[in-house]
Amino acid sequence: MTTKFTDRLWKSVAPVWAKTHQHPFVTGLGDGTLPVESFKYYMKQDYVYLIDYAKMFALASTKAYDLTTSAKFAGLQEATLNGEMELHRQYAERFGISREELEATKPSFVMLAYTSYMLRVAHQGSLAELVSSLLPCTWSYWEIGKHLAKVEGALEHELYGEWVRMYSSDEFGQLAIWLIDVMNELADGKNEQELARLEEHFLYTTKMEYMFWDMAYRKEMWPCEIN
Ligand SMILES: Cc1ncc(C[n+]2csc(CCO)c2C)c(N)n1
């Protein structure tokens with residue numbers, strides 16, 4: 001059996017993913033022990049994260065080499081703005097946070113570093129680089145969703161159940177698989193230097209995913225005394 005490029009990516013981030021599954025934000029989503037204030041903080045930061053992330057799909061659509069892929073990325077931009085962000089708007093409504101307040105969220109350092117890195121890669125790099133930098137977002141959420149769906153009561157939890165159901169759904173899994181397949185197609189025929197660059201983007205944004213959980217858990221704005 002031939003190994004895929006994404007097998008190499010998986011190997012390279014396995015220790016970070018293992019740590020992510022043990023982070024108290026992630027375990028708390030599953031067993032319900034996550035403090036609601038951390039979850040609210042996450043929702044607000046994630047909302048502005050998604051505004052930037054949707055632009056990654058728009059740029060991917062622009063850079064795509066064929067019409068089918070271009071249309072799929074354009075659809076993903078729409079799904080992020082109107083599907084995934086709707087989950088956030090609904091949670092915000094439950095918390096009494098208005099749309100205006102959500103959208104006006106000031107970025108934390110980690111959120112800004114993460115999206116700025118991805119957008120830089122998207123503007124300066126190839127489509128393969130762009131996809132390698134955005135893939136940890138979707139792939140890691142699917143891994144987390146599948147893990148949490150196995151935790152007793154997680155899918156039915158009255159606050160966090162909706163989150164777990166969304167990211168463990170088959171529909172979401174199909175999206176992750178599609179992006180993984182695109183990554184493998186784009187990596188095909190690349191030389192070692194190019195593959196190493198893709199791996200580096202993937203590792204950096206995987207680490208930033210971990211830092212995002214940690215930032216939200218601790219409700220961190222900027223990691224110094226100038227908040
Ligand atoms: C920090 C952070 N990382 C990943 C996701 C998950 N996510 C964001 S966009 C997208 C693709 C489909 O809309 C997915 C899966 C998130 N919400 N926040």
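**Notebook: the ligand, its pocket and a cavity**

I began with the largest pocket and sorted the residues of its lining into 13 nonpolar, five polar and four charged, where Ala, Val, Leu, Ile, Met, Phe, Trp, Tyr, Cys and Pro count as nonpolar, Asp, Glu, Lys and Arg as charged, and the others, Gly among them, as polar. I kept in mind that this is a predicted model, in which local features need pLDDT of at least 70 and side-chain atom pairs count only at pLDDT 80 or more, while totals for chains, interfaces and linings use all residues. Residues are numbered from 1 along each chain as its sequence is written, and side-chain values use heavy atoms, with hydrogens and water left out.

*Pocket.* I noted how pockets and cavities are found: on a 1 Å grid over the protein atoms alone, a cavity is a set of points where a 1.4 Å probe fits but cannot get out, a pocket is an open set with protein on both sides within 12 Å along at least five of seven lines, and lining residues have an atom within 4 Å of a point. The largest pocket has a volume of about 430 Å³, a volume being the space filled by probe spheres set on grid points that are joined across faces, edges and corners. Its lining has 22 residues, and Ala79, Glu84, Met166, Phe172 and Leu175 lie nearest the centre. Helix 4 gives the largest share of this lining, six residues; helices here are DSSP runs (H or I, at least four residues), numbered from the N terminus.

*Ligand.* I then found that the ligand sits in the largest pocket, meaning that more than half of its atoms lie within 2 Å of the pocket's grid points. Around the ligand I listed 15 residues, with Asp46, Thr80, Glu84, Cys137 and Glu209 the closest; a residue is near if one of its heavy atoms lies within 4 Å. The shell takes its largest share, five residues, from helix 3, and it divides into ten nonpolar, two polar and three charged residues.

*Polar contacts.* I looked for pairs of N or O atoms within 3.5 Å. An oxygen atom of the ligand is 2.8 Å from a side-chain N or O atom of threonine 80, an oxygen atom of the ligand is 2.5 Å from one of glutamate 84, and a nitrogen atom of the ligand is 2.6 Å from one of glutamate 209. The protein covers 98% of the 440 Å² of accessible area that the ligand has on its own, by the Shrake-Rupley method with a 1.4 Å probe.

*Cavity.* Last, I counted one cavity of 30 Å³ or more, and the largest cavity holds about 40 Å³ of space. Asp46, Tyr49, Tyr114, Cys137, Tyr141, Glu209 and Phe212 line it.

Definitions and conventions: A polar contact is a pair of N or O atoms within 3.5 Å; within protein, one must be able to donate a hydrogen and the other to accept it, and residues adjacent in sequence count only if both atoms are side-chain atoms. Helices (H or I, at least four residues) and strands (E, at least two) are DSSP runs, numbered from the N terminus.
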